[in-house]
Protein chains: 2
Amino acid sequence: MDLLLKCDANYVPLTPITFLKRANVVYANRTSVIYEGTRFTWSQTYERCCRLADSLRSLNVGKNDVVSVLAPNIPAVYEMHFAVPIAGAVLNAINTRLDAKSIATILSHSGAKLFFVDYQNVELASEALSLLNGAAPSVIACIDDIDTPTGVRFGQLEYEQLVQRGNPGYTGELVQDEWDPIALNYTSGTTSAPKGVVYSHRGAYLSTLSLILGWEMGNAPVYLWSLPMFHCNGWTFTWGVAARGGTNVCLRSTTAKDVYHNIAEHSVTHMCCAPIVFNILLEAKPHERREITSPVEILTGGAPPPASLLQNIERLGFHVTHAYGLTEATGPALVCEWQKKVEQTSTAGSGKTQGKARD
Amino acid sequence: MDLLLKCDANYVPLTPITFLKRANVVYANRTSVIYEGTRFTWSQTYERCCRLADSLRSLNVGKNDVVSVLAPNIPAVYEMHFAVPIAGAVLNAINTRLDAKSIATILSHSGAKLFFVDYQNVELASEALSLLNGAAPSVIACIDDIDTPTGVRFGQLEYEQLVQRGNPGYTGELVQDEWDPIALNYTSGTTSAPKGVVYSHRGAYLSTLSLILGWEMGNAPVYLWSLPMFHCNGWTFTWGVAARGGTNVCLRSTTAKDVYHNIAEHSVTHMCCAPIVFNILLEAKPHERREITSPVEILTGGAPPPASLLQNIERLGFHVTHAYGLTEATGPALVCEWQKKVEQTSTAGSGKTQGKARD
């Protein structure tokens, strides 16, 4: 008997697009995105992504073309994580805290064909574009606020109009090779100019599953977007929340007031952040605070926070898991899994018992 | 900028062997296997698998060769799920409830080179081999009880001796192609003879992760082997418990007494079974029962059990998740995820609140 199997016609490529297509089928009526007064279901998010992808194709953006975006954690950036690869293109989410020179370097080096700019980042984008001397992306599009449109315009096109004019029946380009690129992220470039890191569909898919497993993120999380989506694609949770049929709570800034308000209002279960956000939460003024009535899982990265900081943040109702990674590793690659003996030691000081006992 | 990425020298194939190698590193001293009075750690299980794989190679069992086993849920069958592919070979775990004729058909059709037989299955194996007329596996090895050796011998070799004489420094054959076969399972053959289904390393890896996610099996589960390992490789949990750094509680039979005893003794958190096992547990005599003090997650397959049966089993301290699949789909392919609204309805009758609320 010949047991040899080779990948051929039955080959199903690994791609995060699968997570959205599945969410559209099995979590169709569940809330996918919350942003201020705006809410979408997974079937609506899927339709919006297909529409946007179709509009990208009509702009001649396709296979391996780079689409850059400069924006905070708004629904548009979330949707672009699926719409751009559905069109066969590569997403380049740019850090809004960079200076104009670095942004110009990224736009030039990536060869971005299309550049989306949030209305709040128009000034920074203008300055970056002015440095490009003719190597600018051929199409510039503005993203107005979806919940409270401001009327600010920049470039030739507007995001919401592109979504609306796209064909909802467009099913996307075929991912022929799972090693094809899905995203292009630039490291902070501590030694010189930012350096580009290419994520493949396969790598993004596997890293997404790996981090859901490492953090033990269960079904239907309510995920607060405190970590920037431009940071290694939100440590893969842009794709991961779709895989878990969760709800994305988007917000423009991580002020104490906004974070506490959104946690309380939407019963947030999960969030990622740098340890600096712990300080923001701990130093909140009384009128900015809201009681955390159900534990919120926090995944934090980088150097381990001091024990006293961890104890203080856990007293407020957060449960912290620590991870480490880098842009080149598709975000967090190491997770410090909770162990029973560690929990017994760490909670002795805070006088609080962890919800889950593991060994 | 050329974003094309192709798999080449940096290609890391997907294979469940990774789960064991990782467990050996990150869960080295955690208990991997419990069987009666025998206990192993993950570093011991890894060493035993490397030793056995080396012995298989010395018997000239290698790439794409089939190794069959006829045995209950004992540590040897668990170890073979890694040792056989480490040697580059393909595991064929045979249903011990089949008749001799079906087993002979499987041994013949698979072209098994090596056949392991548990001491309790010697009679059945003898009868099957007598039907083969010269097409029998070239090497037969007996598996004696590791905890309480009986001295029963069958064939030329003995399992534990093969483990002990192997080189612990053997690191295994390179998985060159993730589409290479890792396991060969036969369907029950309701229409004629059993039909073989080949699982690839890639398929086994992905199905394992998929089912851990679908069932939300967290870190360090204590997994009771109530479902046969020969049943689609224990619905992939042979590999999955290693991926989660859990503990495998092995047992020879799923009698009410053995199941209750092992749950209580080892604080079992997870088990899989057919709905028939619910009846075994519900009909247990008082002296066979032990109190379930912490909820045990059950994954069950096939047709949905009646609501009354579910209510009765949940009252005992079990929490049931329902799945459906088939041998051709690497075991359970569909999982009925718990939803808040379903939980509210289903628990109304039992007067019991589920531990986790999801939507």
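This is a predicted model: local features need pLDDT of at least 70, side-chain atom pairs count only at pLDDT 80 or more; totals for chains, interfaces and linings use all residues.
**Around B:Thr41**
- B:Thr41 belongs to strand β2 of chain B, which covers residues 38–41.
- When neighbours within four places in sequence are left aside, the contacts of B:Thr41 are B:Ala28, B:Asn29, B:Arg30, B:Thr31 and B:Ser32.

**Strand β12 of chain B and its partners**
- Strand β12 of chain B spans residues 270–273, and from it B:His270 and B:Cys272 point one way while B:Met271 and B:Cys273 point the other way, all of them being buried.
- With strand β10 (residues 222–224) of chain B, β12(B) pairs in the parallel sense over two bridges, and B:Tyr223 has B:His270 as its bridge partner in β12(B).
- Strand β13 (residues 296–301) of chain B also runs parallel to β12(B), the two being joined by four bridges, and B:Cys273 finds its bridge partner in β13(B) at B:Thr300.

**The sheet of chain A**
- In chain A, eight strands make up an open sheet with mixed pairing, and their order is β2-β1-β11-β10-β12-β13-β14-β15.
- The edges of this sheet are held by β2 (38–41) and β15 (331–336) of chain A, each of which has a single partner strand, so one side of each is left without a neighbour in the sheet.
- Neighbouring strands of the sheet are turned against each other by 25° on average, with direction ignored.
- Within the sheet, strand β10 (residues 222–224) and strand β12 (residues 270–273) of chain A pair in the parallel sense over two bridges, and A:Leu224 stands opposite A:Met271 in β12(A).
- Helix α7 (residues 201–215) of chain A packs on the sheet, where it touches β10, β12, β13 (296–301), β14 and β15 of chain A, and the direction of the helix makes about 120° with that of β13(A).

**A nonpolar surface patch in chain A**
- A:Tyr324, A:Leu326 and A:Leu334 form a nonpolar patch on the surface, and together these residues have about 310 Å² of accessible area.
- A:Tyr324 lies in strand β14 (residues 318–326) of chain A, and its relative accessibility of 45% is why A:Tyr324 counts as partly exposed.

Conventions: Residues are numbered from 1 along each chain as its sequence is written. Chains are lettered from A and ligands numbered from 1 in the order in which they are written. Side-chain values use heavy atoms; hydrogens and water are left out. Patches are made of residues with over 30% relative accessible area and no salt bridge: like charges are joined within 9 Å, nonpolar side chains (Val, Leu, Ile, Met, Phe, Trp, Tyr) within 5 Å. Accessible areas come from the Shrake-Rupley method with a 1.4 Å probe; for residues, only the protein chains shown count as cover. A salt bridge is a side-chain nitrogen of Lys or Arg within 4 Å of a carboxyl oxygen of Asp or Glu. Buried means under 20% relative accessible area, exposed over 50%, partly exposed in between (1.4 Å probe, protein chains only). Two strands pair if DSSP finds at least two bridges between them. Axes are lines fitted to C-alpha atoms, for helices over the stretch in contact, and angles run from 0 to 180 degrees between N-to-C directions. Contact means heavy atoms within 4.5 Å.
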